[in-house]
Amino acid sequence: LFWPLTRKSTEGMKKMQEIQPLLKEVQAKFKDDPQKLMQEQQAIYREHKVNPMSSCLPMLIQIPFFIAIFFVLRSAVELRFASFLWIRDLSEPENLFPGLLPVQINILPVVMAATMYLQSRLTPSMGDPSQQRMMMVMMPLMMLFMFYTMPSALVLYWSVSQILAIVQLWRQRRLGQAANAAASVACPV
């Protein structure tokens, strides 16, 4: 359902990454004049047909859906004890091997953190590389701790959504590489 929005978001991120050198050049040139800096940045966005909000909008649209799933799973009696694959109750954390281990073992949050890390590796990045690396590690760890006790259906939804986004990013990257290869063959340097 959210695939077209996610596709638009990744295309927006890719375009933003492509114009990043131009934006840095303008920032260096007009660092003392914020008004002129904003005007020049807007001109670059218009010239390259880039909307800086296009990469954030899909996430904002998904958040209410995500919150609704959370509350439905917490309150809908019909969903209690609904099972899926190895999960006995989608409205509760997985809790693999109950009674055998003194701690609760949940695999889905680990899978979700791993897919989040992989997705951030594939996503076109902008900004400071050291900050990007830190966020690439910190966000999955933070989400792992937050989601470890969440209902397994919610974690499953988020993981599947990320897996689909990874497939989309991988496909987009492959298509971009194929287009670049075709362009280099068409007009060799």
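In helix α1 the buried residues are Thr 6, Ser 9, Thr 10, Gly 12, Met 13, Met 16, Ile 19, Gln 20, Leu 23 and Val 26. The model is predicted.

**Whole chain**

- Of the 189 residues in the chain, 31% are buried.
- The chain exposes about 12,700 Å², and 67% of that area comes from carbon and sulfur atoms.
- Taking contacts between residues at least 6 apart in sequence, 65% join residues at least 24 apart.

**Helix α1**

- Helix α1 covers residues 3–29, which is 27 residues.
- From first C-alpha to last, α1 reaches 38 Å, close to the 39 Å expected at 1.5 Å a residue.
- A kink of about 50° is found at Ile 19, shortly before the proline Pro 21.
- Ile 19, the site of the kink, is also among the buried residues of α1.
- An α-helix has 3.6 residues a turn, so residues three or four places apart point the same way.
- The buried set in α1 includes Ser 9, Met 13, Met 16, Gln 20 and Leu 23.

**Gln 41 in helix α2**

- Gln 41 belongs to helix α2, which spans residues 34–47.
- Gln 41 counts as buried because its relative accessible area is 11%, and the cut-off for buried is under 20%.
- Leaving aside residues up to four places away in sequence, Gln 41 touches Leu 23, Val 26 and Gln 27.

**Lys 49, between α2 and α3**

- Lys 49 sits in the loop that runs between α2 and α3.
- Most residues other than glycine have a negative phi.
- Lys 49 is not a glycine, yet its phi is positive, at about 55°.
- Lys 49 has a relative accessible area of 70% and is therefore exposed, the cut-off being over 50%.

**Nonpolar surface patch**

- Met 53, Met 59, Leu 60, Ile 63, Ile 67 and Phe 71 make a nonpolar surface patch of about 570 Å².
- One of the patch residues, Ile 63, is found in helix α3, residues 57–75.
- Ile 63 has 37% relative accessibility, so this residue counts as partly exposed; that class lies between the 20% and 50% cut-offs.

Definitions and conventions:
Residues are numbered from 1 along each chain as its sequence is written. This is a predicted model: local features need pLDDT of at least 70, side-chain atom pairs count only at pLDDT 80 or more; totals for chains, interfaces and linings use all residues. Side-chain values use heavy atoms; hydrogens and water are left out. Helices (H or I, at least four residues) and strands (E, at least two) are DSSP runs, numbered from the N terminus. The expected span of a helix is 1.5 Å times one less than its number of residues. The bend at a residue is the angle between axes fitted to the seven residues ending there and the seven starting there. Buried means under 20% relative accessible area, exposed over 50%, partly exposed in between (1.4 Å probe, protein chains only). Patches are made of residues with over 30% relative accessible area and no salt bridge: like charges are joined within 9 Å, nonpolar side chains (Val, Leu, Ile, Met, Phe, Trp, Tyr) within 5 Å. Accessible areas come from the Shrake-Rupley method with a 1.4 Å probe; for residues, only the protein chains shown count as cover. A salt bridge is a side-chain nitrogen of Lys or Arg within 4 Å of a carboxyl oxygen of Asp or Glu. Contact means heavy atoms within 4.5 Å.
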